[in-house]
Amino acid sequence: MRPVRVGLLGLGTVGCGTVDVLRRNREEIIRRAGRAIEPVAAAVRDPARPRSCPVDGLRLTTRPEEVVADPAVDIVVELIGGLEPARSLVLAAIERGRHVVTANKALIAHHGNEIFAAAHERGVMVAFEAAVAGGIPVIKAVREGLAGNCLRQVAGIINGTCNYILTAMREEGAEFEAVLAEAQRLGYAEADPSFDIDGIDAAHKLTILGSLAFGIPLQYERVHVEGIRGVSRADVAFAAELGYRIKHLGIARRTGRGVELRVHPTLVPARELIASVDGVMNAVLVEGDAVGTTLFYGAGAGADPTASAVVADLVDVTRALTADPGNRVPHLAFQPDALADLAVVPMAEVESRYYLRMQVEDRPGVLAEIARILGEEGISIEAVLQKEPAAGAADVPLIMLTHRVREGQVERALTRMRGLACMRAGICRIRLESFE
Ligand SMILES: NC(=O)C1=CN([C@@H]2O[C@H](COP(=O)(O)OP(=O)(O)OC[C@H]3O[C@@H](n4cnc5c(N)ncnc54)[C@H](O)[C@@H]3O)[C@@H](O)[C@H]2O)C=CC1
Ligand SMILES: N[C@@H](CC=O)C(=O)O
Ligand code: NA
C-alpha cells in the first residue's frame, strides 16, 4: 500500500519533534499502521532557518494554504498554534476532505464545536491527543478506555510550565522569572508564556477534558481561571510545613448542581500521588463510577513527548481511513446529537477547603477578631499556624486552613476581614482539595 502522506503546518518544537519521531520509528509505525506514514510537505515562516530536525524530502513553503490544498497530502498536521490562521486552515483542510491532526488546545477549546461539526458533516477525522497533557494518552483513555463509566471528575496537573515553576520554587527556593526563562528555553512554554502562568493554557485543556468526560459542548468561557502569579515562595513553604504541596490544577467535577469547571493553584496533601508529580510532568486523575480512581502520568510538554501523541493520532487516523465515518469514535466521546446541557456551577456555589494567609498586627485579640468573622459566615477553622514576628517587626504571618465551605461564604468573610484594622496586607486565599 502506498504511504500515507502528511503535510505539516509549522515546523517548530512539536513540528520538528513529529518529523523526528516519524523518521526514527518508521518501521515500527509500518508494523502498527499497516503502511508507512511520511511527512512530505511543511509550511514554515522562514525556510532558511536552521531546524532541529532533518528537512530533506520535505517540500517547504511559506504558504500554509498550499499544504492544505496539496492533492498529495492525505493528513494535515496543524502545529502553528493560536487561533488564526490555524482555524481557517483547519476548516479549509476539512472542506477539502483532508483529515486533520492538531496539538492546538486553544483552537479546540475556542473553535472545537465549529470544527467538529464541519468534520462530522464532511466525514473526516480531527485528532487532538497532543492538545491535552502532551504525551499522556489521556484523551484516548477518557474517550475510549473509560467509555463504560459514568465519570465523576477529571482533575490534574495539566500545565507543565506551571508545574516546573512551582517545583523549582519548592525545591530550590527559585525565583519565578528565572525558572520561567528555563521552561521557555526547554520548549515547554507557549509562544506567549502568560498563557501558561495565568492558567489560560490549563483552562483550554480543562475545557476539552470536561467535554470529553461529561458529554457537554466545549465552553471555554465558562471555566473559572486563576494562574500562579499570586503564589509566593512563602505560601509554598507554609503549605509544606502544614503537610501540603501547591499544585496548579484543572478540575472538572460533576456534582448535584451541575458541572464545576475550574483552574487554580491548589493545596494537595503531600502524601497523595498527585502531589509528588514534579517538574514538567503532568498527571490526570479520572474518577468513574465503575473503575474508581485512575491516574495517568507522563511528560506534558516538550518536542518528543508531544510528538508521541501527534504520531499516535496519525497512526489512528491511518488505521481508520477506510472505516465508515459513522462507525468512528466520536470527536468528543459522545455522539454529537447526545450532548448534554449540564449547567456550569457558578464559583460562589463551588465547595472547597481553603488556605488563608494574612499578615496581621501582633497584639492580643487579633485571632479572636478573625475567628469571629469566620464563625459568623459559617466557616469553621481546621488548623492555625502563627509564626514568630521577624526581628523588630510589629506584624506576623497568620495561616488558617478551613473546613469545606462554599466559595461565596469565604468571599464574604474575606471582604469583612480586609476591613479589620489589624490586617497589614492583602489576604492570600488558595483552595485545598484532597482526592483520596
Ligand atoms: N511545545 C510543547 O511542549 C507543546 C505544544 N503544544 C501545542 O503545539 C502547537 C505548536 O507548539 P510549538 O511547536 O511549541 O510552537 P513553536 O512556536 O515552537 O512552533 C510553531 C511554529 O509555527 C510557525 N508558524 C507560525 N505561524 C505560521 C504560519 N502562518 N505559517 C507557517 N509557519 C508558521 C512558527 O514560525 C513556529 O516555527 C501549539 O498549538 C502548542 O500549544 C501542545 C503540547 C505541548
Ligand atoms: N505550554 C504547555 C505545553 C503543553 O501543552 C505546558 O507547559 O504544559
Ligand atoms: Na495527550
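Start by selecting Leu9, Gly10, Leu11, Gly12, Thr13, Val14, Gly15 and Cys16, which an unreviewed UniProt entry marks as "binding site"; positions follow the numbering used here, feature names are shortened, and such annotations may be inferred rather than shown by experiment. You are looking at a predicted model, where local features need pLDDT of at least 70, side-chain atom pairs count only at pLDDT 80 or more, and totals for chains, interfaces and linings use all residues. Residues are numbered from 1 along each chain as its sequence is written, with chains lettered from A and ligands numbered from 1 in the order in which they are written.

Next, pick Leu9, in strand 1 (residues 4–9); strands are DSSP runs of E with at least two residues, helices runs of H or I with at least four, both numbered from the N terminus. Leu9 counts as buried because 27 C-beta neighbours lie inside 10 Å (the cut-off is 20 or more other C-beta atoms within 10 Å, with C-beta atoms placed from the backbone). Beyond four places in sequence, its contacts (C-beta atoms within 7 Å) include Ala43, Pro64, Glu78 and Leu89.

Then move to Gly15 in helix 1 (residues 13–24). Gly15 is buried too, with 28 other C-beta atoms within 10 Å.

Now zoom out and colour domain 1 (4–136 + 304–334), domain 2 (138–299) and domain 3 (348–432), bounds that come from an automatic or database domain assignment.

Definitions and conventions. Buried ≥ 20, exposed ≤ 12 C-beta atoms within 10 Å, placed from the backbone. Contact = placed C-beta atoms within 7 Å.
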